[in-house]
Amino acid sequence: MDVLKIKPVIKKAYPVIYDDENSRIIIGGFGVNTVLNDPMGAVKFTFSLLTGENSIGDICKIVCNEYPKLTKDDVLGLINDLNSERFIEDTAHIGSDVLSEYSKKRFHRNINFFSSFISLEDNKYISEKRIQDCKVGIIGLGGLGSHIVYDLAGMGFMHIKAIEFDKVELSNLNRQILYNEEDIGKSKAKCAKERLSKFSPKLNFEVFEEKVSSAADVESAFSDVDLIILVADRPKYLLGSWVNEAAVNLNVPLFAAGIEAQRALYHTVIPHKTGCEFCWLQNVKKNEPISDLVLKKRTELNLLGDNTAISPLVSAATGLIVTEIVRYVTGIGELQAAGQELSIDFLTMRVKVVEKWEMAETCPVCGGEANAVN
Ligand SMILES: [Zn+2]
């Protein structure tokens, strides 16, 4: 691509303040403000041309004409700096080649959000397109699942398969935002489908109303998904091991979250890049014998899901896990929970790493280090 033909515009996310008295320009960023000294006024003049109507080649000519002391390289240097700070974007990308007009309108705010991360060479519509093309499998439409599918639909995900066999109960309604009082006694899967079809009619939401009792069940329901979300916990511990095995066999990432009374927890497994959940268990066995004993006892007792859960903590956890999923799908930013468990605590609302595990040397599920891929 000929850089000189690009028509840059300053992104709307960044306010520009012309502080003429002090011959400087201030660009408001996210937590960091940039100050550009402008003794000649040439930077301000250049900014007046960054409207999306002038090509970089034209901008260089116009600025050098107005300020003969400046060279083309000076102007290109300034544009390059603005680009590396992600302050400008290319107006040539109008998105019609990747998104429908409906999507461009409905997800306009998402697109603006993605725009804040891109450089002149990128197309801000691509991230939304990646989201729309991604096929998600989710297990559990309870508290966490309710919030997650809504967030996913809001982000523009168009293909979701959900496994849920429960019925709606009155005590679910403190946090399970997909359901109403009139849904009590009805199938969560059916109610969720009905509710989401109103919220996002173009969403292809498929439900499997069945109990999972093996990794094979998960694999057969999710044979074509790109990622799996686990936010159910019955039967406690066993379900996690089946879903972990299915994610490894399908070679798709697993994003898991849960509520443990006062804190919410989440982690990410990328098969053959991070340790899987079985690798994690082996780590616990080796390094934390007391935790291992507690875990064994819990499995033996087959404890049901914790019956402590408040909606704001559920929202906080699902916000974290969905942002992790968006990072994975769009490629914007680094995964934060890969190979480690993060927690958010009600008392402080701080996110911290509570467990970190390596890939096991050998693992009957993922193969361990011998099967690692860089
Ligand atoms: Zn493993």
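Helices here are DSSP runs of H or I with at least four residues, numbered from the N terminus. The exercises below concern a predicted model.

**Exercise 1. Overall description**

Task: State how many helices and strands the protein chain has, and characterise its extent and burial.

Solution: 
- Step 1. The protein chain contains 13 helices and 13 strands.
- Step 2. The C-alpha trace spans about 80 × 50 × 40 Å along its principal axes.
- Step 3. Of the 374 residues in the protein chain, 48% are buried.
- Step 4. When contacts between residues at least 6 apart in sequence are considered, 65% of them join residues at least 24 apart.

**Exercise 2. Helix 13 against helix 7**

Task: Determine how the axes of helix 7 and helix 13 are oriented and which residues make the contact.

Solution: 
- Step 1. Helix 7 (residues 143–155) and helix 13 have axes that come within 9 Å and cross at roughly 45°.
- Step 2. Angles from 65 to 115 degrees count as roughly perpendicular and those under 35 as roughly parallel; helix 7 and helix 13 are therefore oblique to each other.
- Step 3. The crossing of this pair, helix 7 and helix 13, is right-handed.
- Step 4. Helix 7 contributes Gly-143, Leu-144, His-147, Ile-148, Asp-151, Leu-152 and Met-155 to the contact, while helix 13 contributes Ser-311, Val-314, Ser-315, Ala-317, Thr-318, Gly-319, Ile-321, Val-322 and Val-326.
- Step 5. By class, the residues of the contact of helix 7 with helix 13 comprise nine nonpolar, six polar and one charged.

**Exercise 3. Ser-311**

Task: Locate Ser-311 and decide whether Ser-311 is buried or exposed.

Solution: 
- Step 1. Ser-311 belongs to helix 13.
- Step 2. The relative accessibility of Ser-311 is 19%, so Ser-311 counts as buried, the cut-off being under 20%.
- Step 3. Not counting residues up to four places away in sequence, Ser-311 touches His-147, Asn-174 and Arg-175.

**Exercise 4. Helix 13 against helix 6**

Task: Classify the orientation of helix 6 and helix 13 and describe their contact.

Solution: 
- Step 1. The axes of helix 6 (residues 125–133) and helix 13 come within 9 Å, crossing at roughly 105°.
- Step 2. Helix 6 and helix 13 are therefore roughly perpendicular to each other.
- Step 3. Ser-127, Arg-130 and Ile-131 of helix 6 meet Val-326, Val-329 and Thr-330 of helix 13.
- Step 4. The contact of helix 6 with helix 13 has three nonpolar, two polar and one charged residues.

**Exercise 5. Helix 2, helix 3 and Cys-64**

Solution: 
- Step 1. On helix 2 the contact involves Ile-56, Ile-59, Cys-60, Val-63 and Cys-64, and on helix 3 Lys-72, Val-75, Leu-76 and Ile-79.
- Step 2. These residues of the contact of helix 2 with helix 3 divide into eight nonpolar, no polar and one charged.
- Step 3. From C-alpha to C-alpha, Cys-64 and Ala-42 are 9.3 Å apart in space, and 22 residues apart in sequence.

**Exercise 6. Positive phi values**

Task: State where Arg-86 and Met-349 are placed and give the phi of each.

Solution: 
- Step 1. Most residues other than glycine have a negative phi.
- Step 2. Arg-86, a residue other than glycine, has a positive phi near 65°, and is placed in the loop between helix 3 and strand 5 (88–90).
- Step 3. Arg-86 counts as partly exposed, at 32% relative accessibility.
- Step 4. Met-349, also not a glycine, has a positive phi of about 60°, and is placed in the loop between strand 12 (340–345) and strand 13 (351–356).
- Step 5. Met-349 counts as partly exposed, at 42% relative accessibility.

Conventions. Residues numbered from 1 in each chain as written. Predicted model: local features only at pLDDT ≥ 70, side-chain atom pairs only at ≥ 80, totals over all residues. Heavy atoms only, no water. Contact = heavy atoms within 4.5 Å. Helix = DSSP H or I, 4+ residues; strand = E, 2+ residues; numbered from the N terminus. Nonpolar A, V, L, I, M, F, W, Y, C, P; charged D, E, K, R; others polar. Buried < 20%, exposed > 50% of the residue type's maximum accessible area, 1.4 Å probe, protein only. Axes fitted to C-alpha atoms, helices over the stretch in contact; angles between N-to-C directions. Parallel < 35°, antiparallel > 145°, perpendicular 65-115°, else oblique. Left-handed = near helix turned anticlockwise from the far one by under 90°.
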